[in-house]
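Biologist: Please take a close look at one part of this model. I would like the pairing first, then how the chain meets its partner.

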Amino acid sequence: MDGNRRFTKKCKLMEGAGHKIGFSALMSMLKYCYEFGVRYVTVYAFSIENFKRSPEEVQSLMDLMLEKIEEILKEQSIVNRYGVRVIFSGNLKLLSEPVRLAAERAMLATAKNSKAVLSICVAYTSTNEIMHAVQESCEEKWDEITLLNSSGAGYGLISLGGYEQDEMDHLIKLTDIEKHMYMAAAPDPDIIIRTSGETRLSNFLLWQSANCYLYSPSVLWPEIGFRQFLWAILNFQQIHFYLDKQRKQS
Amino acid sequence: MPFSLHFSPTPLITAPSPLSKPFFLVPYYHTLHAPKSPLCSSTEHALTHQGKQEAFDRRPEDSQTLPLGLRRDAMPSHVAVIMDGNRRWARLRDLPVRSGYEAGVESLRKIVEICCKWGIKVEVEFLMSLFERGMQEDTGIFFRENIRISVIGDLTKLPKALQELMVNLEEATKNNTRFQLIVAVSYSGHYDVVQACQRLALKAKCGLIEPSDINVSLMEQELETNCTEFPHPDLLIRTSGEFRISNFMLWQLAYTELFFAQSLWPDFGEAEFLKALLAFQQRQRRYGV
């Protein structure tokens with residue numbers, strides 16, 4: 001959701017206005033998604049790198065997040081109308097307590113919703129997510145090994161560099177890592193949309209974007225509308241059929 | 001400027017290679033004085049083996065010239081390329097798939113020549129039998145041009161003879177300093193992270209580290225790109241109009257600028273490469289802040 005600050009500057013608005021309008025743009029996009037039957041939507045709300053911005057800007061973004069979390073939990077909000085389960089993905093320990101608690105409340109309140117899933121990436125970077133998943137996988141294996149060792153069924157010593165490839169392969173698999181990802185509750189995205197014309201992933205869903213269609217419209221996030229949404233879907237469908245045909249041919 | 005050479009994770013011996021063919025090599029970047037020069041004329045794709053060496057020999061001795069508009073201070077240190085479109089190129093001409101790959105190799109060699117001309121030292125090789133032949137043919141050039149070869153990916157999928165060739169080349173060229181060519185064979189971003197995780201798990205198992213010690217730096221030490229000083233591409237170019245990464249380096253592409261070119265790889269030449277570099281130099285890089 002890139003371009004909120006540029007939009008503020010472009011329209012000569014008060015600081016923070018771009019983000020507020022950006023939130024409305026998000027609500028509109030979510031509506032289009034749910035009306036069209038898109039079940040999983042993931043948004044990049046706040047990167048770990050964004051903490052490096054000025055303290056005033058970070059605080060105002062946190063305040064906005066708090067305000068909007070409360071809003072989406074209200075009766076008539078989009079989340080309840082469309083039966084959306086909300087998940088906050090990221091290193092939530094980095095958030096201030098009020099925001100973290102609000103996020104946890106929102107996850108609890110919507111846990112039983114089952115028609116769609118909205119993943120909000122907050123205090124998130126993909127490299128942090130992968131590293132965290134690797135850490136958890138190793139800790140899980142460490143616990144297994146400790147248990148085995150204490151029962152006398154340990155693997156024994158292995159000298160560094162002398163291990164077998166087989167042994168390494170059995171230690172940890174791709175599925176072990178994937179189940180520890182913050183984004184484990186959602187399948188890999190089919191489309192990643194990045195607004196404002198920047199063509200880079202910026203540490204968003206690197207692992208999950210392996211085979212995903214990347215679309216980078218030049219509009220700033222608050223300017224995004226139905227036209228860009230439709231264009232993304234049409235292009236995705238065209239490519240999807242083409243790739244499917246390629247796969248069948250080979 | 002490094003390039004990235006990527007071979008698909010699927011076996012390449014018996015089957016036509018799939019779409020994604022990024023390439024990956026890493027030169028040591030030297031700062032050279034480069035007076036501006038007029039834009040280069042259109043490229044020739046068919047470099048013969050002899051022509052390859054001639055192309056290198058044509059380089060000016062004392063200075064590299066850059067086309068108008070390109071700023072030396074803003075050149076990317078590491079460029080990755082997904083060389084997509086070779087099979088489509090062949091199909092459009094009613095040629096066998098192999099011709100597409102051969103044209104792809106020539107296109108790559110031409111880009112390498114351009115990079116050398118512009119003070120960006122690159123060299124790339126490509127694909128199985130073409131790959132083996134290419135690596136053998138170009139061995140002389142690697143030594144003459146002081147190029148270091150490294151190989152990443154799942155080499156067990158290669159024929160034994162090729163595995164040996166790669167290992168020997170790595171050993172023989174490890175002290176070359178002009179630039180580094182990293183050949184990614186049967187490589188995928190997922191595979192790279194998984195193997196790094198397995199190595200870390202093994203270190204934890206051996207008591208060398210605690211799982212809680214695992215951080216970004218430890219991860220990067222175990223990723224296959226630990227063979228280079230510049231593991232993160234500044235720019236990724238993908239040809240043939242496909243807008244996807246196709247499981248190429250995922251971790252390493254976190255803040256890489258992406259450039260999607262419409263032309264098929266055998267048709268990607270100097271003009272398009274210049275366009276990509278110029279576009280890169282316009283980008284405002286914020287690294288997530």
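How many bridges join S1(A) to strand S3 (residues 116-124) of chain A, and do the two strands run parallel or antiparallel?

Modeller: This is a predicted model, so local features need pLDDT of at least 70 and side-chain atom pairs count only at pLDDT 80 or more, while totals for chains, interfaces and linings use all residues. Residues are numbered from 1 along each chain as its sequence is written, chains are lettered from A and ligands numbered from 1 in the order written, and side-chain values use heavy atoms, without hydrogens or water.

S1(A) and S3(A) are joined by 7 bridges and run parallel. Helices (H or I, at least four residues) and strands (E, at least two) are DSSP runs, numbered from the N terminus. Two strands pair if DSSP finds at least two bridges between them. Within this pairing, A:Tyr40 stands opposite A:Val117 of S3(A).

Axes are lines fitted to C-alpha atoms, for helices over the stretch in contact (heavy atoms within 4.5 Å).

Now the partner. In chain A, 51 residues are in contact with 47 residues of chain B. The two chains bury about 4400 Å² between them, 65% of it on carbon and sulfur atoms. That is accessible area (1.4 Å probe) lost on being put together, summed over both parts. On the chain A side, A:Trp142, A:Thr199 and A:Arg200 lose the most area to chain B, together 14% of what that side buries.

Across this interface, the rule finds 2 salt bridges (a Lys or Arg side-chain nitrogen within 4 Å of an Asp or Glu carboxyl oxygen). One joins A:Asp2 to B:Arg286, with the closest N and O atoms 3.1 Å apart. Several elements of chain A each supply at least two residues to the side touching chain B, including helix H1 (4-10), strand S5 (213-215) and helix H9 (226-249). H6(A) gives the most, with 10 residues.
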